[in-house]
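Subject: Structure handover

Hi,

Here is the structure I promised to pass on.

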Amino acid sequence: MTATSKFTEAQVKSVLSRMPYSKLIGVKPLLMGHELTLIMPYSQEVIGNPVLPALHGGAVSAFMELTAITQLALQGGHTKLPKPVGVNIDYLRRGKPMDTYARALVAREGKRVANVRVRAWQESFNEPISMLHGHFMAARQKSNG
Amino acid sequence: MTDSPKFDIKERREKLWTIAPMFTEGTPHGAALGLKFVAVDIGRATISLPYNAKLIGDSETRVMFGGAVTALLDQACGLAAFSALEKLDSLATLDLRIDYMRAATPGETIIAEAHCYKATRDVAFVRAIAHDGDSEDPVASAQAIFMQAKSAPNKDEADDAKAAETVRGGTARA
């Protein structure tokens, strides 16, 4: 991870509360030191194929986007939430009916735009189910855009 | 598509209209989001997502979360790919690219229109746009690649194929 500013669980929860969508997929934070992992707990709501069962690709993608935005918002101390500009998602493994974890790495943070990489995994960090990389508009301080 | 389809078009259309709602309202996540099936044809799919407070990504602007638009586009692309492949069988998404051109207007329904512009035996290439009424002024666009699951050696894939058949009530054999 790049050098991160220190943030607390209360700050993470405050950012999540600004994104009502996080409730829909039940996102919870897990802080280890100052490294943030978000959890999307298993629930019926995130299932895409009820027969397998398998998680919905869209739920996993949205979860990774949310992780990127949360990490950026905390790390950059932005007053406005960062917005996605373009993202690429690779689906590597089928999402099993269990909790999913995600962690974001800010590869570069410029004045207006940031490049972020997110990994989502379940049983093992080394066996990601999906990975995202993309650009987010994250204006530092006042000026937006 | 330039290749002549290796299936009965009329029969395929009828099956698609029966199966398609299972891709939207029929999945638990689709139901949680509020996805609505609009239309399907061979290589084409339209799905909508009505605005809902649960889908907001920023409580300050009340704009729908980008990830919700992603889920909508993913589903529309998947249905377009499914409809174009030789066999109506289960699919795996390989990758998905989304461009967010502008914020969705709060309160408006988002409509995703997907087109599978090329389908080989196993792979489907799809483009899609999401708009809130005017397709000339899209909210987002997508590009995706899907692969047909093979009902052979790999256990995961065999499970996928079996499940797809069960979900689609045995209509999967084309």
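Does B:Arg62 count as buried, exposed or partly exposed, and how many C-beta neighbours does it have inside 10 Å? There are 15 of them, so B:Arg62 counts as partly exposed. The cut-offs here are 20 or more other C-beta atoms within 10 Å of a residue's own for buried, 12 or fewer for exposed, and partly exposed in between, with C-beta atoms placed from the backbone.

Before the rest, some housekeeping. This is a predicted model, where local features need pLDDT of at least 70, side-chain atom pairs count only at pLDDT 80 or more, and totals for chains, interfaces and linings use all residues. Residues are numbered from 1 along each chain as its sequence is written, while chains are lettered from A and ligands numbered from 1 in the order in which they are written.

B:Arg62 is not a glycine, yet its phi is positive, at about 60 degrees. You'll find B:Arg62 in the loop between β3 (56–58) and β4 (63–64) of chain B. Helices (H or I, at least four residues) and strands (E, at least two) are DSSP runs, numbered from the N terminus. Over in chain A, the peptide bond between A:Leu52 and A:Pro53 is cis, with omega about -10 degrees. A:Pro53 is part of the loop between β3 and β4 (54–55) of chain A.

Helix α1 of chain A

In α1(A), residues 9–17, the buried residues are A:Val12, A:Val15 and A:Leu16. They span an arc of only 100 degrees around the axis (taken from the directions from the helix axis to the C-beta atoms), which puts them on the same side of α1(A). A:Ala10, A:Lys13 and A:Ser17 are exposed on the other side. The cover over the buried residues includes α2 (21–24), β1 (28–32), β2 (35–40) and α3 (57–76) of chain A.

As for packing, α1(A) and α3(A) meet at an angle of about 125 degrees, and their axes are 10 Å apart. Axes are lines fitted to C-alpha atoms, for helices over the stretch in contact, and angles run from 0 to 180 degrees between N-to-C directions. That angle makes α1(A) oblique to α3(A); under 35 degrees would be roughly parallel, over 145 roughly antiparallel and 65 to 115 roughly perpendicular, with the rest oblique. A:Gln11, A:Val12, A:Val15 and A:Leu16 of α1(A) make the contact with A:Thr70, A:Ala73 and A:Leu74 of α3(A). Contact means C-beta atoms, placed from the backbone, within 7 Å.

Leaving out residues up to four places away in sequence, A:Phe63 touches A:Ile25, A:Val27, A:Met40, A:Thr100, A:Ala102 and A:Ala120.

Between the chains, the contact takes 32 residues from chain A and 34 residues from chain B. On the chain A side, β5(A) gives the most, with eight residues.

Chain B overall

Chain B has four helices and eight strands, and 47% of its 174 residues count as buried.

Cheers

Note on methods:
Two residues are in contact if their C-beta atoms, placed from the backbone, lie within 7 Å.
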